[in-house]
Structures are given as C-alpha cells and as structure tokens.
Amino acid sequence: MMKMTAPGRKISLLLCLFLFLAPLVTKPVSAQFTPPEEAYISGLYGYRQAYTLSCEARAAVDFAAYFGVYITENQFINAMPTSDDPELGFVGDINGYWGSIPPYDYGVHSQPVAQVLTDFGMPAYSQKYLDWTTLQWEIASGHPVIVWVISEMWNGTQITYTTEAGRQVIVAHYEHAMILKGYDGEIIYAIDPYTGTEKTYYLNNFLSSWAVLENQAVLADLPEPTPTDPPTQTPTPTLTPTPTQTPTPTQTPTPTLTPTSTATPTPTATPTPTATPVIFITVQAGDTLVGLATRHNLTWQQFTAMNNLTYPYFIYPGDVFRIR
C-alpha cells in the first residue's frame with residue numbers, strides 16, 4: 001500500500017471534515033432553532049365548502065384570501081385539471097360520495113392545488129414528508145398551511161393505488177384538507193372547510209392523521225422583497241427630517257443657528273427628528289408578521305421591505321421593527 005505523505009494526510013483530513021460539515025451547512029433553519037411554544041394566526045377566516053368534495057378548493061381560496069389573493073371556489077374548481085391520479089388532478093365528481101378512493105370519487109392531493117394557486121397569482125408550493133417543526137415555523141412566521149388529513153383527525157389506513165399510467169400513489173378513505181392556523185402546547189387550531197369554522201384538535205391526533213397521506217401540505221411561497229422595494233422606502237427617512245428641520249430656521253436667534261452649522265454632528269445625533277416620523281414596535285409572544293403588518297395598515301410586502309426582512313421572514317418575541 002502506498003505510504004501517504006504529510007500533505008496528503010492533511011488534504012485527506014480536510015476532505016473528511018468537509019464531508020462531515022456539509023450536511024450541517026445545508027440543514028434547514030427550522031431544524032437549527034426551537035420554534036415558539038405557541039403561535040396563532042389572526043385575521044384568517046374560513047367558509048363552508050359548496051360541494052361534497054370541494055374541501056381542497058375551499059381551503060385553497062381561503063388560504064389565498066389571507067394573503068390578499070381573491071379567488072372564488074368555482075373559479076378554483078374549474079381551473080383544476082382532472083385525472084384518475086390525485087397527484088395530477090381532481091379524481092371523481094365534485095359532488096360525489098365522500099369516503100371513496102380512486103378511481104372513484106375522491107378529491108385531489110397537494111401538488112395540483114399548489115399549482116392552481118400559483119396560476120392564480122398566489123405563490124405556493126407542495127411538499128411531502130414534512131415534520132411538525134416545519135409547520136410550527138410557518139405558523140410562527142404568520143403563514144397558514146393547508147394540510148391533508150383523514151376526516152376529523154382520524155387515524156386512517158394507507159392504501160396503495162395504481163393509476164392508469166401504472167404509477168403507485170398512497171391514498172386513503174375520507175381524505176380531507178384543512179387549514180392549520182395555530183398551536184398551543186398539545187392543541188392545534190385548524191379551519192375545517194366542511195363547516196367553515198375553526199376547530200381545535202389534540203396535536204397527537206393531528207400528527208397521526210397527517211401521517212397517513214405522507215405528511216403533505218401546501219405552503220406559501222412568499223417571494224423575497226424585490227430590489228425596487230427598498231428604494232421606495234428609503235426616501236421616507238430622508239424626507240421626514242426636512243419638515244422637522246424647517247421650524248428650526250424659523251427660530252431666528254443667531255446664537256442657536258451658529259452652533260448648529262459649526263457642529264454638524266448635532267442634528268444627526270438628535271433623536272427628535274427621527275422619533276417623530278419613525279415608529280418602532282416590539283414583537284410580543286403570539287405575534288405574526290402578517291398580523292403585525294395588518295394591524296398597522298401595511299401589507300406584508302411593505303413591512304418586510306421596510307425592515308429588510310428576507311424569506312422565510314422569521315420573527316421572534318423581543319424583535320424591534322419599524323412600522324413608519
């Protein structure tokens with residue numbers, strides 16, 4: 001066997017170190033930190049589904065409305081492709097018998113729902129095999145999540161269905177979609193499209209039911225602020241000192257004007273000009289980004305641009321943000 005030289009051993013050790021640290025570098029943010037113990041999204045409302053099997057459509061349009069994208073339930077249904085494969089489109093009759101599995105009346109899974117939402121201007125993406133921590137971070141960030149469960153958080157049984165194209169898909173009787181909007185210890189809060197009302201469930205029951213259809217969900221795919229957003233906000237602080245400075249010249253006393261012009265740091269160090277037009281708030285437990293923005297007559301895009309926040313827009317109790 002060839003004897004390894006000192007430089008060779010050094011390179012080998014660096015390579016091993018890189019391979020060991022690489023997974024840590026790409027580890028999701030949600031897995032590196034502990035999410036808040038509780039979070040709740042206010043301002044999210046649900047309505048009762050219009051058809052027997054339109055829970056996914058109703059959940060999707062209520063989800064989109066929370067982000068300011070308005071679609072009717074019928075518009076969403078008409079835009080949804082049909083298929084015998086729930087991963088590709090709606091299976092069966094929208095007014096069919098609930099509880100069947102493909103190829104009979106069934107419904108649709110998360111991927112087509114996310115695509116139709118995106119087509120209507122609500123950026124969204126679907127994902128399977130998610131964990132509870134990821135959902136906690138979404139809700140704590142003010143983002144509701146559409147989840148696929150079994151009826152009223154029943155356990156359910158996985159069934160492997162082979163589509164006409166020969167693809168195998170996991171399905172289950174009484175497939176159902178809800179909007180997850182909050183959690184508090186061992187309780188979760190969800191909007192059930194079947195009644196259009198908010199309901200509470202035990203976390204363990206939710207996790208068992210959610211796992212049947214492979215922990216799939218639709219999440220908001222919020223874009224990062226565009227480069228043009230910050231410039232539209234930056235004129236605000238530069239313009240606001242000007243009106244506050246104009247009263248100073250009107251106070252004609254020469255002695256007060258002379259120190260100001262000679263000691264230029266004085267106006268910039270004075271908190272008075274910035275305190276009047278600029279307002280800050282402190283994040284409290286349970287606050288969400290969208291909730292804070294709405295409370296102060298801002299869109300979430302304005303709020304994130306004003307505070308230089310980037311996706312996934314995490315906020316924490318004690319954070320201080322500008323709202324004016």
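Mentor: Begin with the words for the elements: helices (H or I, at least four residues) and strands (E, at least two) are DSSP runs, numbered from the N terminus. This is a predicted model, in which local features need pLDDT of at least 70, side-chain atom pairs count only at pLDDT 80 or more, and totals for chains, interfaces and linings use all residues. Residues are numbered from 1 along each chain as its sequence is written, and side-chain values use heavy atoms, with hydrogens and water left out.

The protein chain has 16 helices and eleven strands. Of its 324 residues, 42% are buried, where buried means under 20% relative accessible area, exposed over 50%, and partly exposed in between (1.4 Å probe, protein chains only).

Now the cavity. On a 1 Å grid over the protein atoms alone, a cavity is a set of points where a 1.4 Å probe fits but cannot get out; a pocket is an open set with protein on both sides within 12 Å along at least five of seven lines; lining residues have an atom within 4 Å of a point. Grid points are joined across faces, edges and corners, and a volume is the space filled by probe spheres set on the points. The structure holds one cavity of 30 Å³ or more, and the largest cavity has a volume of about 70 Å³. To answer you directly, its lining consists of Gln 49, Thr 52, Leu 53, Cys 55, Glu 56, Trp 98, Tyr 106, Glu 175, His 176 and Tyr 194. Five of these residues are nonpolar, three polar and two charged. (Ala, Val, Leu, Ile, Met, Phe, Trp, Tyr, Cys and Pro count as nonpolar, Asp, Glu, Lys and Arg as charged, and the others, Gly among them, as polar.) Helix 3 and strand 6 each give at least two residues to this lining.

Follow strand 6 first. Strand 6 covers residues 175-184 and runs antiparallel to strand 3, with six bridges joining the two; two strands pair if DSSP finds at least two bridges between them. In this pairing, Ala 177 of strand 6 is opposite Trp 148. Strand 3 also pairs with strand 9 (residues 217-220), again in the antiparallel sense, over two bridges, and here Val 147 faces Ala 217. Strand 3 is covered on both faces: Val 145, Val 147 and Val 149 are buried on one side, and Ile 146, Trp 148 and Ile 150 on the other. Six of the six residues of strand 3 (145-150) are buried, so the strand is largely enclosed by the rest of the structure.

Strands 3 and 9 are also among the elements that cover the buried residues of helix 5, along with helix 3 (55-66), helix 4 (73-79) and strand 2 (124-127). Helix 5 spans residues 110-119, and its buried residues are Ser 110, Pro 112, Val 113, Ala 114, Val 116 and Leu 117. After helix 5 comes Gly 121, with a positive phi near 100 degrees.

Next, helix 3. Tyr 66 belongs to helix 3 and counts as buried, with 12% relative accessibility. Tyr 66 and Ser 42 are 24 residues apart in sequence, but their C-alpha atoms are 9.7 Å apart in space. Contact means heavy atoms within 4.5 Å. Beyond its neighbours within four places in sequence, Tyr 66 is in contact with Ile 41, Ser 42, Gly 43, Leu 44, Gly 142, Pro 144, Thr 288, Val 290 and Gly 291.

Helix 15 has the largest share, five residues. By type, the lining has six nonpolar, seven polar and one charged.

Asn 215 lies between helix 7 (203-212) and strand 9 and counts as buried at 17% relative accessibility. Leaving aside neighbours within four places in sequence, Asn 215 touches Gln 127, Lys 128, Tyr 129, Leu 130 and Trp 210 in the contact sense given above.
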